[in-house]
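Visitor: I have a structure to look at. Could you walk me through it?

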Amino acid sequence: MAVLSVSRRTTRRRTVARSVRILGVASASAALALGAAGNALACNINEFSAEAKCDGDKGVITVTDVDPAGIPATVTVYLENNGADVKKVGEQVVKGSRKGTTITFAENWKPNAEYRIHVKATPYVDEDIKPNLVTPATACKKEEEPPASTPPATPTPSASPSNPAEDTDTPAPAPSESESSTPAGNAPAPAAGESNLAETGADSNTGIIAGIAAALVVVGGGAVFFGMRRRGAKSDS
(Lines give C-alpha, C1' and ligand atoms only; values in the text may rest on other atoms or scores of the structure.)
Protein backbone atom coordinates (compact mmCIF):
# COMPACT_ATOMS: atom_id res chain seq x y z
CA MET A 1 0.00 0.00 0.00
CA ALA A 2 2.81 2.38 0.85
CA VAL A 3 4.48 1.70 -2.46
CA LEU A 4 1.28 2.40 -4.37
CA SER A 5 0.70 5.73 -2.65
CA VAL A 6 4.24 6.87 -3.40
CA SER A 7 3.88 5.99 -7.07
CA ARG A 8 0.59 7.83 -7.28
CA ARG A 9 2.13 10.94 -5.76
CA THR A 10 5.01 10.76 -8.21
CA THR A 11 2.62 10.43 -11.11
CA ARG A 12 0.61 13.42 -9.96
CA ARG A 13 3.76 15.52 -9.65
CA ARG A 14 4.83 14.62 -13.15
CA THR A 15 1.39 15.41 -14.47
CA VAL A 16 1.42 18.81 -12.75
CA ALA A 17 4.92 19.52 -14.08
CA ARG A 18 3.85 18.65 -17.61
CA SER A 19 0.81 20.84 -17.30
CA VAL A 20 2.95 23.73 -16.10
CA ARG A 21 5.36 23.27 -18.97
CA ILE A 22 2.49 23.18 -21.45
CA LEU A 23 1.02 26.36 -19.98
CA GLY A 24 4.43 28.05 -20.16
CA VAL A 25 4.84 27.15 -23.79
CA ALA A 26 1.35 28.37 -24.56
CA SER A 27 1.96 31.62 -22.72
CA ALA A 28 5.22 32.18 -24.57
CA SER A 29 3.53 31.49 -27.87
CA ALA A 30 0.75 33.93 -27.03
CA ALA A 31 3.26 36.57 -26.04
CA LEU A 32 5.13 36.15 -29.30
CA ALA A 33 1.88 36.35 -31.20
CA LEU A 34 0.83 39.47 -29.38
CA GLY A 35 4.24 41.01 -29.93
CA ALA A 36 4.08 40.30 -33.63
CA ALA A 37 0.55 41.70 -33.80
CA GLY A 38 1.66 44.78 -31.91
CA ASN A 39 4.52 45.34 -34.29
CA ALA A 40 2.13 44.92 -37.20
CA LEU A 41 -0.27 47.51 -35.77
CA ALA A 42 2.50 49.97 -34.85
CA CYS A 43 3.22 53.12 -36.93
CA ASN A 44 5.16 52.41 -40.13
CA ILE A 45 6.72 54.69 -42.75
CA ASN A 46 4.86 52.79 -45.46
CA GLU A 47 1.61 54.13 -44.04
CA PHE A 48 2.52 57.71 -45.12
CA SER A 49 2.22 59.14 -48.60
CA ALA A 50 2.73 62.65 -50.04
CA GLU A 51 1.35 64.44 -53.11
CA ALA A 52 1.65 67.87 -54.77
CA LYS A 53 -1.75 69.31 -55.74
CA CYS A 54 -3.40 72.54 -56.82
CA ASP A 55 -5.91 74.48 -54.77
CA GLY A 56 -7.25 76.82 -57.42
CA ASP A 57 -4.28 78.85 -58.67
CA LYS A 58 -2.17 78.02 -55.59
CA GLY A 59 -0.03 74.96 -54.95
CA VAL A 60 -0.29 72.70 -51.87
CA ILE A 61 1.49 69.58 -50.58
CA THR A 62 -0.62 66.94 -48.83
CA VAL A 63 0.54 64.10 -46.57
CA THR A 64 -1.81 61.20 -45.75
CA ASP A 65 -1.43 58.82 -42.76
CA VAL A 66 -3.31 55.50 -42.83
CA ASP A 67 -1.97 54.20 -39.50
CA PRO A 68 -4.92 52.30 -37.93
CA ALA A 69 -3.34 52.59 -34.46
CA GLY A 70 -3.64 56.40 -34.65
CA ILE A 71 -0.16 57.03 -33.25
CA PRO A 72 0.65 60.79 -33.45
CA ALA A 73 3.44 61.53 -35.91
CA THR A 74 5.28 64.78 -36.70
CA VAL A 75 5.56 65.49 -40.44
CA THR A 76 8.13 68.03 -41.69
CA VAL A 77 8.41 69.20 -45.33
CA TYR A 78 11.66 70.57 -46.82
CA LEU A 79 12.36 72.04 -50.26
CA GLU A 80 15.36 70.30 -51.83
CA ASN A 81 17.99 71.50 -54.28
CA ASN A 82 20.84 69.24 -55.40
CA GLY A 83 20.32 66.94 -52.43
CA ALA A 84 20.33 69.71 -49.79
CA ASP A 85 17.56 71.38 -47.82
CA VAL A 86 16.85 74.85 -49.21
CA LYS A 87 14.07 75.83 -46.81
CA LYS A 88 11.64 74.36 -44.31
CA VAL A 89 8.14 74.57 -45.73
CA GLY A 90 6.33 73.61 -42.52
CA GLU A 91 5.74 71.09 -39.76
CA GLN A 92 2.49 69.49 -38.54
CA VAL A 93 1.34 66.63 -36.30
CA VAL A 94 -0.96 64.01 -37.82
CA LYS A 95 -2.91 61.22 -36.12
CA GLY A 96 -3.63 58.49 -38.63
CA SER A 97 -6.72 56.37 -39.11
CA ARG A 98 -7.74 53.30 -41.05
CA LYS A 99 -9.52 55.48 -43.62
CA GLY A 100 -6.58 57.90 -43.73
CA THR A 101 -5.93 61.34 -42.26
CA THR A 102 -4.60 64.06 -44.57
CA ILE A 103 -2.76 67.26 -43.63
CA THR A 104 -2.05 70.12 -46.06
CA PHE A 105 0.98 72.40 -46.43
CA ALA A 106 0.49 75.65 -48.37
CA GLU A 107 3.38 75.83 -50.82
CA ASN A 108 3.37 77.66 -54.15
CA TRP A 109 5.57 75.00 -55.70
CA LYS A 110 7.31 75.32 -59.03
CA PRO A 111 7.14 72.68 -61.76
CA ASN A 112 9.53 69.72 -61.31
CA ALA A 113 10.54 70.87 -57.81
CA GLU A 114 11.74 68.29 -55.24
CA TYR A 115 10.59 68.05 -51.61
CA ARG A 116 11.78 65.87 -48.72
CA ILE A 117 9.08 64.73 -46.26
CA HIS A 118 10.31 63.48 -42.88
CA VAL A 119 8.10 61.51 -40.46
CA LYS A 120 8.87 61.02 -36.76
CA ALA A 121 6.68 58.92 -34.44
CA THR A 122 8.74 57.87 -31.39
CA PRO A 123 9.70 55.08 -30.98
CA TYR A 124 8.40 53.62 -34.23
CA VAL A 125 9.35 55.88 -37.14
CA ASP A 126 12.10 58.45 -37.73
CA GLU A 127 12.78 58.54 -41.46
CA ASP A 128 11.84 60.15 -44.81
CA ILE A 129 9.12 59.11 -47.22
CA LYS A 130 10.91 57.46 -50.13
CA PRO A 131 11.34 58.56 -52.81
CA ASN A 132 11.31 62.35 -52.46
CA LEU A 133 8.24 64.14 -53.76
CA VAL A 134 8.62 65.68 -57.25
CA THR A 135 5.99 68.21 -58.32
CA PRO A 136 4.17 68.05 -61.70
CA ALA A 137 5.67 69.62 -64.79
CA THR A 138 2.79 72.10 -65.08
CA ALA A 139 2.29 74.96 -62.61
CA CYS A 140 -1.08 75.62 -61.00
CA LYS A 141 -1.33 79.15 -62.42
CA LYS A 142 -0.43 79.68 -66.02
CA GLU A 143 1.55 82.84 -66.67
CA GLU A 144 -0.32 85.22 -68.92
CA GLU A 145 1.48 85.78 -72.20
CA PRO A 146 1.65 89.40 -73.40
CA PRO A 147 -0.51 89.97 -76.46
CA ALA A 148 1.42 89.93 -79.70
CA SER A 149 1.77 93.36 -81.27
CA THR A 150 -0.01 93.48 -84.60
CA PRO A 151 0.78 96.15 -87.21
CA PRO A 152 -1.98 98.67 -87.79
CA ALA A 153 -4.25 97.76 -90.64
CA THR A 154 -3.73 99.79 -93.82
CA PRO A 155 -6.94 101.63 -94.61
CA THR A 156 -8.31 100.79 -98.02
CA PRO A 157 -9.20 103.83 -100.12
CA SER A 158 -12.90 104.14 -100.56
CA ALA A 159 -14.40 104.89 -103.95
CA SER A 160 -15.13 108.58 -104.48
CA PRO A 161 -18.85 109.19 -104.33
CA SER A 162 -20.33 109.91 -107.68
CA ASN A 163 -21.95 113.29 -108.18
CA PRO A 164 -25.69 112.94 -108.43
CA ALA A 165 -27.09 113.86 -111.75
CA GLU A 166 -28.62 117.31 -111.91
CA ASP A 167 -32.35 117.27 -111.90
CA THR A 168 -33.47 119.52 -114.74
CA ASP A 169 -37.04 119.42 -113.56
CA THR A 170 -36.24 121.07 -110.23
CA PRO A 171 -36.88 124.86 -110.39
CA ALA A 172 -34.06 127.25 -109.42
CA PRO A 173 -34.44 128.97 -106.05
CA ALA A 174 -35.99 132.47 -106.13
CA PRO A 175 -33.51 135.34 -105.57
CA SER A 176 -33.67 137.30 -102.32
CA GLU A 177 -34.61 140.98 -102.08
CA SER A 178 -30.99 142.15 -102.04
CA GLU A 179 -30.21 140.13 -105.12
CA SER A 180 -33.40 141.18 -106.99
CA SER A 181 -32.85 144.96 -106.33
CA THR A 182 -29.63 144.97 -108.35
CA PRO A 183 -30.15 144.67 -112.09
CA ALA A 184 -28.33 141.79 -113.69
CA GLY A 185 -25.10 142.70 -115.44
CA ASN A 186 -24.67 146.11 -113.62
CA ALA A 187 -22.15 146.98 -110.92
CA PRO A 188 -23.52 147.60 -107.42
CA ALA A 189 -24.62 151.18 -106.67
CA PRO A 190 -21.99 153.28 -104.81
CA ALA A 191 -22.56 154.66 -101.31
CA ALA A 192 -24.41 157.95 -100.81
CA GLY A 193 -21.33 160.03 -99.97
CA GLU A 194 -19.37 158.74 -102.92
CA SER A 195 -22.22 159.47 -105.38
CA ASN A 196 -22.56 163.18 -104.29
CA LEU A 197 -18.88 163.84 -104.63
CA ALA A 198 -18.82 162.27 -108.03
CA GLU A 199 -21.74 164.37 -109.28
CA THR A 200 -20.43 167.77 -108.01
CA GLY A 201 -16.82 167.16 -108.91
CA ALA A 202 -15.73 168.16 -105.38
CA ASP A 203 -12.91 165.75 -105.40
CA SER A 204 -11.01 167.79 -108.09
CA ASN A 205 -12.08 171.57 -107.45
CA THR A 206 -12.11 171.67 -103.67
CA GLY A 207 -8.70 173.50 -103.41
CA ILE A 208 -9.64 176.29 -105.85
CA ILE A 209 -12.93 177.01 -104.11
CA ALA A 210 -11.24 177.19 -100.72
CA GLY A 211 -8.65 179.71 -102.05
CA ILE A 212 -11.31 182.01 -103.50
CA ALA A 213 -13.26 181.91 -100.23
CA ALA A 214 -10.18 182.87 -98.24
CA ALA A 215 -9.45 185.83 -100.60
CA LEU A 216 -12.99 187.09 -100.22
CA VAL A 217 -12.71 186.92 -96.42
CA VAL A 218 -9.51 189.02 -96.53
CA VAL A 219 -11.05 191.62 -98.88
CA GLY A 220 -14.16 191.89 -96.75
CA GLY A 221 -12.13 192.36 -93.60
CA GLY A 222 -10.06 195.14 -95.21
CA ALA A 223 -13.16 196.97 -96.35
CA VAL A 224 -14.62 196.85 -92.86
CA PHE A 225 -11.34 198.16 -91.39
CA PHE A 226 -11.10 201.12 -93.73
CA GLY A 227 -14.75 201.98 -93.21
CA MET A 228 -14.29 202.18 -89.44
CA ARG A 229 -11.26 204.50 -89.79
CA ARG A 230 -13.19 206.93 -91.95
CA ARG A 231 -15.99 207.13 -89.47
CA GLY A 232 -13.56 207.84 -86.69
CA ALA A 233 -11.88 210.67 -88.65
CA LYS A 234 -15.19 212.34 -89.34
CA SER A 235 -16.21 212.21 -85.72
CA ASP A 236 -12.91 213.89 -84.64
CA SER A 237 -13.37 216.87 -87.06
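**Cysteines and a phenylalanine**

Guide: This is a predicted model. The structure holds 1 disulfide.

Visitor: Which residue does the disulfide join to Cys-54?
Guide: A disulfide is a covalent bond between the sulfur atoms of two cysteines. A sulfur pair counts as one within 2.5 Å. Here the S to S distance is 2.0 Å, and the partner of Cys-54 is Cys-140.

Visitor: How many residues apart in sequence are the parts that this pair ties together?
Guide: Cys-54 lies in strand β1, residues 48-55. Cys-140 sits in the loop between β8 (133-134) and α2 (177-181). So the pair ties together parts whose separation in sequence is 86 residues.

Visitor: Is the link of Cys-54 and Cys-140 left-handed or right-handed?
Guide: Look at the angle about the S-S bond. It is -90°. That makes the link of Cys-54 and Cys-140 left-handed.

Visitor: Is Cys-140 buried or exposed?
Guide: Buried means under 20% relative accessible area. Cys-54 has 44%, so it is partly exposed. Cys-140 has 16%, so it is buried.

Visitor: What about Phe-105: is it buried or exposed?
Guide: Phe-105 lies in strand β5, residues 101-106. Among the residues it touches are Val-60, Ile-61 and Val-63. Its relative accessible area is 3%, under the 20% cut-off, so Phe-105 is buried.

Visitor: How far apart in space are Phe-105 and Ala-52?
Guide: In sequence, Phe-105 and Ala-52 are 53 residues apart. In space, C-alpha to C-alpha, the distance between Phe-105 and Ala-52 is 9.5 Å.

Conventions. Residues are numbered from 1 along each chain as its sequence is written. This is a predicted model: local features need pLDDT of at least 70, side-chain atom pairs count only at pLDDT 80 or more; totals for chains, interfaces and linings use all residues. Side-chain values use heavy atoms; hydrogens and water are left out. Helices (H or I, at least four residues) and strands (E, at least two) are DSSP runs, numbered from the N terminus. Buried means under 20% relative accessible area, exposed over 50%, partly exposed in between (1.4 Å probe, protein chains only). Contact means heavy atoms within 4.5 Å. Lists of a residue's contacts leave out its neighbours within four places in sequence.
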